[in-house]
Amino acid sequence: MFGDLFEEEYSTVSNNQYGKGKKLKTKALEPPAPREFTNLSGIRNQGGTCYLNSLLQTLHFTPEFREALFSLGPEELGLFEDKDKPDAKVRIIPLQLQRLFAQLLLLDQEAASTTDLTDSFGWTSNEEMRQHDVQELNRILFSALETSLVGTSGHDLINRLYHGTIVNQIVCKECKNVSERQEDFLDLTVAVKNVSGLEDALWNMYVEEEVFDCDNLYHCGTCDRLVQAAKEEKSKPDVNLKDLQSEEEIDHPLMILKAILLEENNLIPVDQLGQKLLKKIGISWNKKYRKQHGPLRKFLQLHSQIFLLSSDESTVRLLKNGSLQAESDFQRNDRQIFKMLPPESPGLNNGISCPHWFDINDSKVQPIREKDIEQQFQGKESAYMLFYRKSQLQRPPEARANPRYGVPCHLLNEMDAANIELQTKREECDSANNTFELHLHLGPQYHFFNGALHPVVSQTESMWDLTFDKRKTLGDLRQSIFQLLEFWEGDMVLSVAKLVPAGLHIYQTLGGDELTLCETEIADGEDIFVWNGVEVGGVHIQTGIDCEPLLLNVLHLDTSSEREKCCQVIESPHVFPANAEVGTVLTALAIPAGVIFINSAGCPGGEGWTAIPKEDMRKTFREQGLRNGSSILIQDSHDDNSLLTKEEKWVTSMNEIDWLHVKNLCQLESEEKQVKISATVNTMVFDIRIKAIKEFKLMKELADNSCLRPIDRHGKLLCPVPDSYTLKEAELKMGSSLGLCLGKAPSSSQLFLFFAMGSDVQPGTEMEIIVEETISVRDCLKLMLKKSGLQGDAWHLRKMDWCYEAGEPLCEEDATLKELLICSGDTLLLIEGQLPPPGFLKVPIWWYQLQGPSGHWESHQDQTNYTSSRGRVWRAASSQGASGNEPAQVSLLYLGDIEISEDATLAELKSQAMTLLPFLEFGVPSPAHLRAWTVERKLPGRLLRTDRQPLREYKLGRRIEICLEPLQKGENLGPQDVLLRTQVRIPGERTYTPALDLVWNTAQGGTAGSLRQRVADFYCLPVEKIEIAKYFPEKFEWLPISSWNQQITKRKKKKKQDYLQGAPYYLKDGDTIGVKNLLIDDDDDFSTIRDDIGKEKQKQRALGRRKSQEALHEQSSYILSSAETPARPRAPETSLSIHVGSFR
């Protein structure tokens, strides 16, 4: 549906990874694709204009509309060229529609664009990106066309084709007085709910009469009293019969008789039918039709499927399914289906000789079978808007199979020129996509120098550019080169070469003359070396990646003529084959013996230098990991002066030096509070600390009892940095702030940890401790308790997670901190409560306290004020457990904790919970009379079913809490069962009866229809006489559930979204379902008084938050008032509209 919305133009880059000076080749913008085999054109989606595309295609395939629009020439509509002239009246919308229809008919492209058309609508607020109603657009577009065509011969175009009149008649049963009221229409709206088809819907709304009697009498103006009457709606003759006066249609008496019966009261005497026929067509039945069709009554009898005669054959009426038939184009907001006759349908291939259905989905047009249409457009996916065209309308013979029929000459010329331009562009694009450029390097014009190939004269004279079709073979390429190089003698070998820093190197020889260039994987812009395959300039050439030349930077000390060493470093580039031994560097520099250091990063100051052992001197450069740009340091083995420090770091310039800020946090008096220390990424933390002590002029003793700690942006001291680290290893950035603190930094085998008591930790209140990384969790807990002054064994440790909340407990008390991946800088929390043994769970148990008579346990309501030793009672509004007269309170009463094995079953958990002292007062007979829920956000959450299932299989986690609900009898819920709380609405009171549990089996489909049927069976009510809704307690809202209101956004997700467990209901165990009995309650409202109160409170809270934000905004505006910048108002949301100029 969003065919071209996210398409972008991408650039293609050559695969040449070594080339220098290669130009980035941008892929040319491809012309639109030609029409597919259907020979029909779609319309591109601008982002959300599928509804617009549907309507435009429908109007385009209405010949009467299209050709009437084409009949308006430039002398009436104006010219595009004059639209910007101030005095010109250019009717831009009809002109753009003409051009679009011409493109759909004649332009050879897969899809047309509506950008120019929507621009003519005046859409400038991203209307193209928003969905709108197609019926609303139809009315707005027709109105815009009527306004645009004022004063032209097409001023009545819309009125002539689509206008109709509905006559509302009320006939008094007493005096037979008829009261009429007329209404004009462009489209008819029909209700399709609970009807079998469109014919029945039209019959119910526009044919079947409505009777006023009993308590619903009609006041007759003539009788001046309340009387019985009949009301009906019918269309005036201008809809059904105005266009039936042609000779071709008069020849069809069936259509005329059906139209007369639709126009009249539908039940008239046969003799009167003959009189009305004479009045309408000006000739009697006997003169016009008797010879061919026989007497009128016999004709009506022969068509009993349409006409119904009375038993005495004196009166006749039209059957419900006997309405006028027409071809229809039906559409939803996003696509449309058309049935087309090829001889009359523009754009179809002439080879097709029978009617076809086509599915037009924005840019894509595909044929579709009729049975697929019935399957696709049924139920909730049915068509939303129907366009009908009379099937008896005949097209002129010259219009059949002629898409150019009726198109103005200027548009024909424009489309012909556009097709020629498209064809030219496609040929150019095909040529561009299937040709590439090759760079030919000629062997006789190269020589081998310094390890690589170089041009003898210049690169320009040695290289030829050749554009070639990549669909041709390698043999074709070789033959073309032979023809270009008339001077060539002997064998010709083509090899793939690449430009590397050292020069040109040959990698691969091309073979297989029968292969295409695509199959040889030659890339665009590839360098091809043309030679004899053996030597260049008399030098044998080694090929392949193994002997690729490497350009290395070699550094060594300069020596004076007197052999005195100085500190000046000489750096010189040298080229070596990648498969040469490292020791050849000494030979190249004429150094008899020395030590080789390598630095593969290519930057002497960036990494540490590594000395190559003697036994590795025979390894190749590639085996040592060296590549182009790598650096090698040569040092004479007899030289005592070294360029490297003992840490094997080397600083070459002051550009690599930066600064750190160090604050004095030793609480000792000093003249300086902060100093600036120069450093590099390779400076040791120890050196920085000693420099800071000297700058602060502190005691030398601090050198052995101080450390540096980074300070974050909030001013918090972080973990101390070991002295042995460099700044790079410590991940300290230049410009960072460090604190000089008392105490030694942890060693490499120690951990620096923060810890605090409880889960609510305020920043800056944590305590610190240094422990060995091999210490156990138990011993670490003891140290932390001792340091914090806490006593007792009822404590455990949890690691703070990245959300600054208590994470999972450290259950393995004998495990070391290193084994549990505890690192320096982590925060551990001391939590009260002893952990259960391994394999056991400590589970808090809550009582699911019921608050009213709801069919559950009623004899323990005096326990609602009971509190346990921990004194916790939670109450919250929820859909679960909604007992009483409103969907209201859930109260959870804490009973105590139990320790239970993870291998124990749910039934064993219930049994152990029943041994708690507070539980004994509830008098529950057995575990089977208990229902278990998890507790989530202080509310019952997931229902735990299957008593024999081990707790481990529920995957409850370590912090699980369970609430237990009493039952009158045991239950055995299956995996497909959903437990719902149902409440029946009390008519007129805005309250509900007490909740009853309903088990709904979703195995046959969790759809709205299935749930409605289950609720109807549960309450012994007809399914069509109930309405149900789900309660959302957090919003105090009810969402009705019906078989017709589920929202389907994408057809791919239809199967999932048919189920109530998905959006928008998300039905789950414990939800409250309101039930309304339509036999005694026809109110549409499901809400209660408590819902009104809850919504009002939410509204007041939202208003308070808004006022607070406004106050803060005003305060900020006051502070920044000197700028005098007016606040930018938020643009209001606008409805769909089309802007039209005035042409009156």
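This text walks through the aromatic pairs of the structure and then a charged patch on its surface. The model is predicted.

Start with the rings. A pair of aromatic rings is described by the distance of the centres and the angle of the planes. The structure holds 21 such aromatic pairs. One of them joins Trp 285 and Tyr 289. Trp 285 and Tyr 289 are both buried.

Phe 752 and Phe 754 give another geometry to look at. Their ring centres lie 5.4 Å apart. The angle between the planes is 85 degrees, so the pair counts as edge-to-face, for which the planes must be over 60 degrees apart. The cut-off for buried is under 20%.

Ring pairs can also join into a cluster. Here they link Phe 65, Phe 101, Phe 142 and Tyr 162.

Now turn to the surface. Which residues gather in a patch of positive charge there? They are Lys 1097, Arg 1101, Arg 1105 and Arg 1106. Take Arg 1105 from this patch. Arg 1105 sits in helix H26, which spans residues 1089-1119. The relative accessible area of Arg 1105 is 51%, so this residue is exposed. The cut-off for exposed is over 50%.

Terms used. Residues are numbered from 1 along each chain as its sequence is written. This is a predicted model: local features need pLDDT of at least 70, side-chain atom pairs count only at pLDDT 80 or more; totals for chains, interfaces and linings use all residues. Side-chain values use heavy atoms; hydrogens and water are left out. Patches are made of residues with over 30% relative accessible area and no salt bridge: like charges are joined within 9 Å, nonpolar side chains (Val, Leu, Ile, Met, Phe, Trp, Tyr) within 5 Å. Accessible areas come from the Shrake-Rupley method with a 1.4 Å probe; for residues, only the protein chains shown count as cover. A salt bridge is a side-chain nitrogen of Lys or Arg within 4 Å of a carboxyl oxygen of Asp or Glu. Lys and Arg count as positive and Asp and Glu as negative; His and the chain ends are not counted. The place of a charge is taken as NZ of Lys, CZ of Arg, CG of Asp or CD of Glu. Helices (H or I, at least four residues) and strands (E, at least two) are DSSP runs, numbered from the N terminus. Buried means under 20% relative accessible area, exposed over 50%, partly exposed in between (1.4 Å probe, protein chains only). Rings of Phe, Tyr and Trp (its six-membered ring) pair if their centres lie within 6.5 Å; planes under 30 degrees apart count as stacked, over 60 as edge-to-face and the rest as tilted.
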